[in-house]
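Please keep the sequence and the model in view while reading.

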Amino acid sequence: MKHLCTLFLILVIPLTFWAQDPLNSQVEDDLGEVDDQFQEFFFEALKQKGIENYDKAIDALQQCLNLEPNLPEVYFELGKNYKLLNKYLEAEQALLRALELKPKEEWVLDELYDVYVQQGETDKAMEVVQQLVDIHPDYKQDLATLYLKQNNYEKALKLLEELDRQYGPDEVRDAMRNEIYNSTGNDEARIQNLEQRIVSNPQNEENYLNLIYYYSEMGNESEAYRVTQQLIQAIPESELVHLALYKFYLKDGKIDEAIDSMKIALESAKVDPKTKTMILNDLLKVAKEYPKYQKDLLQITNNISEKGGGETKLEMGYYYLRNGNKEEALENLSEALALDPNNYDLIRNVLLLRIEFEQYETAASLSNSALDLYPAQPILYLLNGVANNRLNKSDLAIERLETGLDFIVDDIKMEMDFYKELSLAYRAMNNIKKSEAFASKVNELRQQQN
């Protein structure tokens, strides 16, 4: 929660306007009396800092001090430049001097606080941030962070609750709170906090889902199920609740209800691809255990494939690939690749399937394009060589394979595959001597493996 000092504007705003900065309400009078030489050095310092010449900025500020030794603004700028050079001791000294000249100034305290934070000086940072809290309540979250670093969990939680009441829940504070609960093992407090949030805001779906998750992690399935039903009553249109609900239905043997929940979750745009793959795997297990649901499985997967975009095609492709349905895998992954043509993993998997299904023309074309994108990937040279060999284009196969050999690093199996294809290519060209030479290299590497 850093507050940037408006002094940065001095590079483009007249000095008299800069004098209105909240750094010092009297600064207009102070700077109004400085001579032209001081102004020249001061502007030079700001210019050098702006182009990251921090040493030169410091030299110019030292010249300012020779002319005006008691201006807090100069020490403030010195502190910032020393900090940017990671000279934290000098930065601390300069900022402390600025505070002597202008006590309890927020901008200087804020900069000093950052110096201590960057050094991991938690105790010193605590002293400064407590002064900042008196000036502006926004710093309470910084204070809570420092309490957390000091393992003072009670004070940290108290501050987090105070901030939540004042500003409403916040992701950063929630993460801090969960870190405390994880460190202390205080699941009761975690549960109580979520229950209170549901009472105060019954339309917030996330609180229910978090509570369901934590009850499930604790093994308290009855409470998790209770909250699931509570969520359905409060937000009947919730789609994410079905991620938990279908598992409860499966456990209770309510297969029809479970499949209905799976359908909702699988067709939801709120559910990420990885989770959908897990649901599909659960659905496959159901279909294997209860064959009468095979039709439901086919219908659901078809619906997802028809409605889905690139991510759905991708998840369906890998789902089919994992379950041995390579034809469906190739169809879905090819459609996903058309929507994401630079995806290396997709290119590789589609190429492997094209080769397996003997679609050599397409494989040769795709691997040629892929090599323009990824010229250092040996597998692409190998697959291109395989495709060209099968198309009786031995000269092209040899060119690609010999080039690709230079990119292999500590992969004996791939090296053997290259030599096998080169042996085939040279044999097809009636160069028996080279063909046998590469075949011998394959045997040598096989013996090394043994």
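1. The second pocket. The structure is a predicted model. Its second largest pocket has a volume of about 310 Å³. The lining of this pocket consists of 19 residues, and those closest to its centre are D174, R197, E206, N207 and N210.

2. Where that lining comes from. Helix 11 (171–184), helix 12 (187–200) and helix 13 each contribute at least two residues to the lining of the second largest pocket. Helix 11 provides the largest share, six residues. Sorted by class, the lining of the second largest pocket holds five nonpolar, seven polar and seven charged residues.

3. Helix 12 against helix 13. Two of the helices that line the second largest pocket, helix 12 and helix 13, also pack against each other, for their axes come within 9 Å and cross at roughly 155°. Angles over 145 degrees count as roughly antiparallel, so helix 12 is roughly antiparallel to helix 13. Their crossing is left-handed. On the side of helix 12, the contact is formed by R190, I191, L194, E195, R197 and I198, and on the side of helix 13 by N207, Y208, N210, L211, Y214 and Y215. These contact residues of helix 12 and helix 13 comprise seven nonpolar, two polar and three charged. R197, N207 and N210 belong to this contact and are also among the residues closest to the centre of the second largest pocket.

4. The largest pocket. The largest pocket has a volume of about 420 Å³. It is lined by 13 residues, and L209, Y213, L240, L243 and A244 lie nearest its centre. Helix 13 (205–217), helix 15 (241–251) and helix 17 (273–289) are the elements that give two or more residues to this lining. Which element gives the largest share of the lining of the largest pocket? That share, five residues, comes from helix 13. The lining of the largest pocket has nine nonpolar, two polar and two charged residues.

5. Helix 15 against helix 16. Helix 15 passes helix 16 in a left-handed crossing. Helix 15 makes the contact through H242, L243, L245, Y246, Y249 and L250, while helix 16 uses I255, E257, A258, S261, M262, I264 and A265. By class, this contact of helix 15 with helix 16 has 10 nonpolar, two polar and one charged residues. L243 takes part in the contact and is also one of the residues nearest the centre of the largest pocket.

6. Helix 23 against helix 25. Are helix 23 and helix 25 roughly parallel or roughly antiparallel? Helix 23 (residues 378–390) and helix 25 (residues 412–428) pack at an angle of about 25°, and their axes are 10 Å apart. Angles under 35 degrees count as roughly parallel, so helix 23 is roughly parallel to helix 25. Helix 23 passes helix 25 in a left-handed crossing. The residues in contact are P378, I379, Y381, L382, G385, V386, N389 and R390 of helix 23, together with M414, D417, F418, E421, L424 and A425 of helix 25. The contact of helix 23 with helix 25 divides into nine nonpolar, two polar and three charged residues.

Notes: Residues are numbered from 1 along each chain as its sequence is written. This is a predicted model: local features need pLDDT of at least 70, side-chain atom pairs count only at pLDDT 80 or more; totals for chains, interfaces and linings use all residues. Side-chain values use heavy atoms; hydrogens and water are left out. On a 1 Å grid over the protein atoms alone, a cavity is a set of points where a 1.4 Å probe fits but cannot get out, and a pocket is an open set with protein on both sides within 12 Å along at least five of seven lines; lining residues have an atom within 4 Å of a point. Grid points are joined across faces, edges and corners, and a volume is the space filled by probe spheres set on the points. Helices (H or I, at least four residues) and strands (E, at least two) are DSSP runs, numbered from the N terminus. Ala, Val, Leu, Ile, Met, Phe, Trp, Tyr, Cys and Pro count as nonpolar, Asp, Glu, Lys and Arg as charged, and the others, Gly among them, as polar. A crossing is left-handed if the near helix is turned anticlockwise from the far one by less than a right angle, and right-handed if clockwise. Contact means heavy atoms within 4.5 Å. Axes are lines fitted to C-alpha atoms, for helices over the stretch in contact, and angles run from 0 to 180 degrees between N-to-C directions. Angles under 35 degrees count as roughly parallel, over 145 as roughly antiparallel, 65 to 115 as roughly perpendicular and the rest as oblique.
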